[in-house]
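Subject: Structure for you to look at

Hello,

Here is the structure I said I would pass on. Please open it alongside this email and follow the residue numbers as you read.

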Amino acid sequence: MACRISELVIEAAGPDRLAAFWSEVLGYVELGREDDGSIEIGPPDVGFGGPQPTLVLSPNSEPRAGKVRLHIDVNATDRDQDAELERLLALGARPADVGQTGTESWHVLADPEGNEFCLLHTRLKPL
């Protein structure tokens, strides 16, 4: 028996803003809100427990200390990498420098709260 990743929790100073950003990036919808201000987003018509993990944006007003040790990688499903990069930048992502050489096949970006993520080159089939 093995485990499966069911959800990823991201602490956020502004859960609403980050939920809106990641919903646009991933094509997710809001699944629910908790009394503590957490917002869960996930694939429409599937929600929690489907083949893709949901994201929980959990409020935390403390400043981030140091580099995040885990980051998200994303792949375009319906366009090439250059077009997807333009879309992500228009949504509020920004280029991030984590020491890359410039010869990588991926782009390192940051979400509106500075969490790094990578846009990989390979286009994946939609689920």
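This is a predicted model: local features need pLDDT of at least 70, side-chain atom pairs count only at pLDDT 80 or more; totals for chains, interfaces and linings use all residues.

Residues are numbered from 1 along each chain as its sequence is written, and side-chain values use heavy atoms, leaving out hydrogens and water.

Helices (H or I, at least four residues) and strands (E, at least two) are DSSP runs numbered from the N terminus. Two strands pair if DSSP finds at least two bridges between them.

The sheet with S1

Four strands make an open sheet in the order S1-S4-S3-S2, and the pairing is mixed. Strand S1 (7–12) and S2 stand at the edges with a single partner strand each, so one side of each has no neighbour in the sheet. From one strand to the next the twist averages 25° (axes are lines fitted to C-alpha atoms, for helices over the stretch in contact, and angles run from 0 to 180 degrees between N-to-C directions). S3 and S4 are antiparallel, paired over 3 bridges, and glutamate 40 stands opposite valine 56 in S4.

Two loops of this sheet are worth a look. Serine 38 sits between strand S2 (29–33) and strand S3 (39–42). Is serine 38 buried or exposed? Serine 38 is buried, because its relative accessible area is 6% (buried means under 20%, exposed over 50%, partly exposed in between, with a 1.4 Å probe and protein chains only). Leaving aside residues up to four places away in sequence, serine 38 touches Gly32, Arg33, Val56, Leu57, Ser58 and Pro59; contact means heavy atoms within 4.5 Å. Aspartate 45, in the loop between S3 and S4, counts as exposed at 85% relative accessibility. The phi of aspartate 45 is near 65°, a positive value in a residue other than glycine.

The helices

Helix H1 (residues 15–26) lies across S1, S2, S3 and S4 and runs at about 165° to S4. The axes of H1 and helix H2 (residues 81–91) come within 10 Å and cross at roughly 165°. H1 is therefore roughly antiparallel to H2 (under 35 degrees is roughly parallel, over 145 roughly antiparallel, 65 to 115 roughly perpendicular, and the rest oblique). Phe21, Glu24 and Val25 in H1 meet Arg87, Leu88 and Leu91 in H2. The residues of this contact divide into 4 nonpolar, no polar and 2 charged (Ala, Val, Leu, Ile, Met, Phe, Trp, Tyr, Cys and Pro count as nonpolar, Asp, Glu, Lys and Arg as charged, and the others, Gly among them, as polar).

The sheet with S5

Another open sheet of 4 strands has the order S5-S8-S7-S6, with mixed pairing. Its edge strands are S5 (72–74) and S6 (94–95), each pairing on one side only. S5 pairs with strand S8 (residues 116–119) in the parallel sense over 3 bridges, with valine 74 opposite leucine 119. S7 and S8 are antiparallel over 4 bridges, and alanine 110 stands opposite glutamate 116. Their hairpin has 5 residues between the strands, and there glycine 114 takes a positive phi near 90°. S6 and strand S7 (residues 107–110) are antiparallel over 2 bridges, with arginine 94 opposite alanine 110.

Regards
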